[in-house]
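The following note sets out points for a colleague to check against the coordinates. Please read each point beside the displayed model.

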Amino acid sequence: MMDTLYEWFWWDRVWLPVNLTWADLEDRDGRVYAKASHLYVTFPYAIAFLLVRYLFEWLIGTPLAASAGIQEKGRQRVAHNPILELYYLSHSRTPGQADINGLSKKSGWSVRQVERWFRKKRNQDRPSVVKKFREASWRFVFYLLAFSGGLVALHDKEWFYDMREVWNGFPKQSMLESQYWYYILEMSFYGSLLFSVTFDVKRKDFKEQIIHHLATLILLSFSWCVNYIRIGTLVMLVHDASDVLLESAKLFNYAKWTKTCNSLFVVFAIVFLVTRLIIFPFWLIHCTWVYPTLQYPPFFGYYFFNMMLVVLQFLHIFWAYLILRMVKKFLFGNMTRDERSDGEEEEDDDEGSSLSEEEKEDSGHCFTNGSGVRTKEANNGCFTHLSFSANVCQTKTVY
């Protein structure tokens with residue numbers, strides 16, 4: 001049964017152009033091809049990335065945050081209440097008024113006490129600025145190294161300048177050592193992001209990020225197995241460019257270097273829009289949609305690959321919409337929070353404070369056109385939740 005499923009899955013008529021078989025991608029005549037078995041190494045490498053990340057955040061990220069003046073703030077812990085805890089974990093973090101009234105009767109607390117408990121519990125569970133700074137610094141280092149390595153690996157290749165060269169001689173294109181490591185390290189990194197998704201800072205676009213990471217890994221795996229490696233490396237390079245700017249802007253935002261953060265945001269927005277909405281669809285998708293048909297009739301793998309690229313292009317449009325909304329607010333001087341924010345620190349009226357301690361820590365520095373005005377809606381900086389994949393993008397979008 002398993003052997004039959006295996007044969008059907010790897011049927012060459014599905015994944016390869018007509019008149020080609022997997023035998024054509026076996027090593028011979030000095031040519032070396034990528035193999036599906038090579039991808040097994042990404043699992044231990046993903047675990048290694050998690051270990052390296054932990055050491056980096058502990059030994060470098062935390063001291064760097066301290067040197068930037070970012071410190072952990074003590075948070076007031078809520079009183080233990082089994083009834084409210086159960087509802088908070090199993091039903092909702094933000095109960096409606098009817099539920100609050102019911103919980104008040106069950107717990108024997110006043111409605112005001114129940115409301116205050118949920119506010120404090122939500123604030124208590126929000127990640128600290130130090131945690132966000134550590135995560136952003138780790139992603140910044142990886143994306144910077146990946147982008148630099150991609151430039152080194154591709155700057156002297158003919159397909160870097162001429163898209164038609166991507167398919168010259170396809171599929172009998174020998175894999176280069178630089179391509180091997182570029183792919184393996186990128187896939188391992190995205191695997192580590194999936195492994196760490198449960199304890200990373202959760203964004204409002206959490207589902208989109210999961211779809212993005214899964215689509216990225218599927219496309220990278222597919223392109224690896226059928227030797228779409230040239231186009232794969234080009235797409236990874238294009239997307240790494242904006243990710244570096246995003247994470248660096250977030251770092252300066254957490255450190256409250258407002259002018260530097262604002263400048264980087266503008267540059268990031270321009271690079272993101274150019275790479276994700278112009279280069280990606282009109283150069284790279286065009287390259288995978290038009291040029292292969294000049295050599296081979298369309299086949300299932302061709303449609304599968306391009307449809308997945310289109311899925312990711314829709315994600316690009318979604319994130320571009322959020323970025324443009326931020327740019328609009330920035331230009332008109334009413335930027336108050338990140339459009340992808342998953343909630344703000346909440347007021348606690350009973351304590352006589354207009355802002356909670358965490359909100360005071362994180363508010364402001366959200367592109368007020370130099371006015372320095374802080375508002376209650378200001379969140380943990382305008383880049384707090386812009387990791388595409390990150391970034392997309394968070395963040396990062398590889399395909």
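**Notes on the predicted model**

Leu245 counts as buried because its relative accessibility is 18%, where buried means under 20% relative accessible area, exposed over 50% and partly exposed in between (1.4 Å probe, protein chains only).

1. Basis of the note. The model is predicted: local features need pLDDT of at least 70 and side-chain atom pairs count only at pLDDT 80 or more, while totals for chains, interfaces and linings use all residues. Residues are numbered from 1 along each chain as its sequence is written, and side-chain values use heavy atoms, with hydrogens and water left out.

2. Overall content. The protein has 14 helices and 0 strands; these are DSSP runs numbered from the N terminus (helices H or I, at least four residues; strands E, at least two). Of the 399 residues in the protein, 51% are buried. The accessible surface comes to about 18900 Å², and 64% of this belongs to carbon and sulfur atoms; areas follow the Shrake-Rupley method with a 1.4 Å probe, and for residues only the protein chains shown count as cover.

3. Annotated segments. The unreviewed UniProt entry carries the annotation "transmembrane region" for residues 38-56, 136-154, 180-198, 210-229, 264-291 and 303-324. UniProt positions are given in the numbering used here, feature names are shortened, and annotations may be inferred rather than shown by experiment. In the model, residues 264-291 are 93% helix and 0% strand, with their end C-alpha atoms 36 Å apart. Residues 303-324 are 100% helix and 0% strand, and the end C-alpha atoms of that span lie 31 Å apart.

4. Nonpolar core. Which residues have the most contacts inside the largest nonpolar core? They are Phe189, Trp224, Tyr228, Ile231 and Leu284, in a core of 73 residues. Helices that each supply at least two residues of this core include α2 (12-15), α7 (129-154), α8 (177-195), α9 (206-225), α11 (258-289) and α12 (300-331). The largest share, 12 residues, comes from α12. A nonpolar core is here a set of buried Ala, Val, Leu, Ile, Met, Phe, Trp, Tyr and Cys residues joined through side-chain atoms within 4.5 Å. Not counting residues up to four places away in sequence, Phe189 touches Phe49, Trp138, Arg139, Phe142 and Tyr143; contact means heavy atoms within 4.5 Å.

5. Leu245 is found in helix α10 (residues 229-254). Its C-alpha atom is separated by 8.2 Å from that of Phe140, 105 residues apart along the chain. Leaving aside neighbours within four places in sequence, Leu245 is in contact with Leu264, Val267, Phe268 and Val271. Ala269 is found in helix α11 and is buried, with a relative accessible area of 5%. With the same exclusion of neighbours within four places in sequence, Ala269 is in contact with Ile323 and Val327. The C-alpha atoms of Ala269 and Ala320, 51 residues apart along the chain, are separated by 8.4 Å.

6. Salt bridges. The count comes to 12 salt bridges, each a side-chain nitrogen of Lys or Arg within 4 Å of a carboxyl oxygen of Asp or Glu. Glu57 pairs with Arg53, their closest N and O atoms being 2.9 Å apart. Because they are 4 residues apart in helix α3, Glu57 and Arg53 are separated by about one helical turn. Glu57 is buried at a relative accessible area of 12%, and Arg53 is buried at 7%. In helix α7, Glu135 and Arg139 are also 4 residues apart, about one turn, and form a salt bridge with closest N and O atoms at 3.5 Å.

7. A bridge between helices. Asp243 forms a salt bridge with Arg276, the closest N and O atoms being 3.4 Å apart. Asp243 lies in helix α10 and Arg276 in helix α11, so the pair ties together parts that are 33 residues apart in sequence. Both Asp243 and Arg276 are buried. Separately, salt bridges that share partners join Arg53, Glu57, Lys131, Arg134, Glu135, Arg139, Glu247 and Lys250 into one network.

8. Exposed nonpolar surface. Leu51, Tyr54, Leu55, Trp58, Leu59, Ile60 and Leu64 form a nonpolar surface patch with about 740 Å² of accessible area together. Patches are made of residues with over 30% relative accessible area and no salt bridge, with like charges joined within 9 Å and nonpolar side chains (Val, Leu, Ile, Met, Phe, Trp, Tyr) within 5 Å. Leu51, found in helix α3 (residues 42-67), counts as exposed because its relative accessibility is 52%.
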